[in-house]
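Welcome, and thanks for taking a look at this fold with us. Please keep the sequence and the 3D view open side by side while you read.

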Amino acid sequence: MEHILINPLTRISGFLQIEATINNGVIEDARNSGFLFRGFEKILLNRSPFDSVYFTQRICGICSAAHSMASSLALEDALSIIPSEQGKILRDIVHGCEFLQNHIRHFYQYTVPDYVRLPEKFPLFDTVGNDFRLSPEQTEAISNHYFDSLKVGMQTHEMLAVLGGKAPHNHGIFIGGVTVRPTTDDVIHMKSLLSVIRDFVDNKMVSDMGVIANAYQDYFHLGGGCGNLLSYGCFQGYDSLGTLYLQPCIMTDGVKQPFDARNITESIDYAWYSGKDSYEPFETVSEPDMQKQKAYSWIKAPRYLGKPFEVGPLARQILCGCYENHVSAMDRIVARVYETHKIIEILTVLLDQVVPGVETQNRYELPLRAKGMGLIDTTRGALGHWMKINEGKIAFYQIITPSVWNFSTRDGQTQGPSELSLIGTPIHDTYNPVEIGRILRSFDPCVSCATHVLCPGNETKVYQVVS
């Protein structure tokens with residue numbers, strides 16, 4: 001029996017500590033433990049409900065547009081506002097730009113160094129382990145594209161800022177659509193940027209993914225997770241366009257089913273909170289309690305019909321019928337790249353529908369009492385905001401992020417998707433356990449959290465990881 005501790009796992013958004021118990025060369029148990037309590041739900045109390053659009057974006061500097069989308073949807077639900085077709089199209093363009101930024105960055109800056117030995121003259125790219133299988137020519141090409149992707153990523157933010165004002169933490173998305181009236185020049189500018197991004201994705205990113213997937217085919221059999229898939233839907237519900245990507249749905253035991261938000265619960269059995277062990281999102285916001293026995297994380301355990309569900313690009317690609325493989329670490333990487341191309345196609349359609357000069361804003365009156373729910377699929381998966389208004393102020397706010405779904409703690413019945421994805425993984429070198437990082441990064445985690453695979457009472461190996 002051996003023990004591994006990696007702290008921190010780098011090349012993710014946030015902090016992850018990993019402890020692993022290895023029995024006969026295979027991971028035997030897994031836990032995720034998040035050590036940072038953010039408390040955004042507490043920060044929002046007694047503020048104007050309109051503030052939620054801007055405050056919740058500060059949860060993350062990478063997927064901030066996603067939170068502005070979810071909070072705007074929750075407000076629209078609470079205020080009984082139906083946005084215009086142009087309003088929906090314009091804010092979905094902003095959201096789509098964030099998809100492109102995230103997926104390009106994740107593939108090149110976070111994933112590529114796991115499989116490609118980058119130039120040694122750059123100390124930032126020091127690597128651990130020796131499992132690099134590409135030819136010198138392939139390595140050189142992908143390394144060059146790594147640096148090219150930095151400029152392309154900047155162009156995705158430039159495109160987002162045309163309607164959002166700035167990136168991250170845009171000022172564009174709001175109730176009803178966006179806060180700007182796009183000009184013809186704005187549309188032409190965005191189309192020009194999208195053309196450059198498309199060229200890079202189609203001619204470099206897709207082929208680079210194929211090279212890596214072909215060389216590391218064993219990772220199509222590692223990191224499987226729970227097998228249940230969920231999406232709140234995205235780029236859908238247009239009056240004139242219908243569904244461009246995916247409507248809300250789930251898949252369990254290989255069977256696709258309609259989604260019903262009433263089936264969402266959250267458990268705190270093993271999280272540092274006190275209160276009701278399992279509840280619906282509108283019921284309660286648990287109080288922090290670091291003295292709680294058996295708890296090991298700030299990450300809660302969302303469930304749908306009592307089961308853990310994986311969310312994100314792979315879930316969406318399978319649910320919409322665009323991807324016919326199965327669930328694994330490499331499948332997540334492949335699906336994310338394919339989704340990048342899909343989002344470019346969607347943005348091309350949406351940009352063609354923009355009416356220059358259209359106004360999507362109005363004067364909004366806050367009710368004394370109301371509640372609203374905003375569910376949207378974002379870069380990393382299903383994001384939900386639940387809000388209650390009392391006396392015109394925020395009286396209750398609940399947020400369940402995609403990485404809480406994927407990196408959830410266990411409940412009384414089972415573990416979360418990423419914990420399950422580690423169990424059963426063979427570790428070929430316990431002093432260089434590259435398999436752990438590759439599997440966990442495939443989820444694109446955006447959490448200040450940790451993953452533990454633990455058996456007390458034995459020697460623990462500690463690695464300082466710099467990537």
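The notes below go through helix packing, a sheet and a few backbone details.

## About the model

This is a predicted model, in which local features need pLDDT of at least 70 and side-chain atom pairs count only at pLDDT 80 or more, while totals for chains, interfaces and linings use all residues. Residues are numbered from 1 along each chain as its sequence is written, and side-chain values use heavy atoms, with hydrogens and water left out.

Helices (H or I, at least four residues) and strands (E, at least two) are DSSP runs, numbered from the N terminus.

## Two helix pairs

Let's begin with helix 6 (residues 184–215) and helix 8 (residues 329–352), whose axes come within 10 Å and cross at roughly 160°. Axes here are lines fitted to C-alpha atoms, for helices over the stretch in contact, and angles run from 0 to 180 degrees between N-to-C directions. Helix 6 and helix 8 are therefore roughly antiparallel (angles over 145 degrees count as such). Their crossing is left-handed, meaning that the near helix is turned anticlockwise from the far one by less than a right angle. The residues of this contact are 17 nonpolar, three polar and four charged. In this scheme Ala, Val, Leu, Ile, Met, Phe, Trp, Tyr, Cys and Pro count as nonpolar, Asp, Glu, Lys and Arg as charged, and the others, Gly among them, as polar.

Next, the axes of helix 4 (residues 85–115) and helix 11 (residues 434–441) come within 10 Å, crossing at roughly 160°. That makes helix 4 roughly antiparallel to helix 11, and the crossing is left-handed. Helix 4 brings His 106, Tyr 110, Asp 114 and Tyr 115 to the contact, and helix 11 brings Gly 437, Arg 438 and Arg 441 (contact means heavy atoms within 4.5 Å). By type, these residues are two nonpolar, two polar and three charged.

An open sheet is formed by three strands in the order 15-16-17, with antiparallel pairing; two strands pair if DSSP finds at least two bridges between them. Strand 15 (369–378) and strand 17 (393–400) are at the edges with a single partner strand each, so one side of each has no neighbour in the sheet. On average, neighbouring strands are turned by 15° against each other, direction ignored.

Strand 15 and strand 16 (residues 381–390) run antiparallel and are joined by 10 bridges. Lys 371, for instance, has Lys 388 in strand 16 as its bridge partner. Helix 3 (residues 64–79) packs on this sheet and touches strand 15, strand 16 and strand 17; its direction makes about 145° with that of strand 15.

## Backbone details to look up

Asp 444 sits in the loop between helix 11 and strand 18 (451–452). Its phi is near 55°, a positive value in a residue other than glycine. Asp 444 is buried, with a relative accessible area of 1% (buried means under 20%, with a 1.4 Å probe and protein chains only). Beyond its neighbours within four places in sequence, Asp 444 is in contact with residues including His 106, Tyr 110, Arg 336 and Arg 380.

Phe 235, in the loop between strand 7 (229–231) and strand 8 (249–252), has a positive phi near 50°. Phe 235 is buried, at 2% relative accessible area. Finally, a cis peptide bond with omega of about 0° joins Ala 167 and Pro 168; Pro 168 is found in the loop between helix 5 (136–164) and strand 5 (173–174).

Notes: Angles under 35 degrees count as roughly parallel, over 145 as roughly antiparallel, 65 to 115 as roughly perpendicular and the rest as oblique. Buried means under 20% relative accessible area, exposed over 50%, partly exposed in between (1.4 Å probe, protein chains only).
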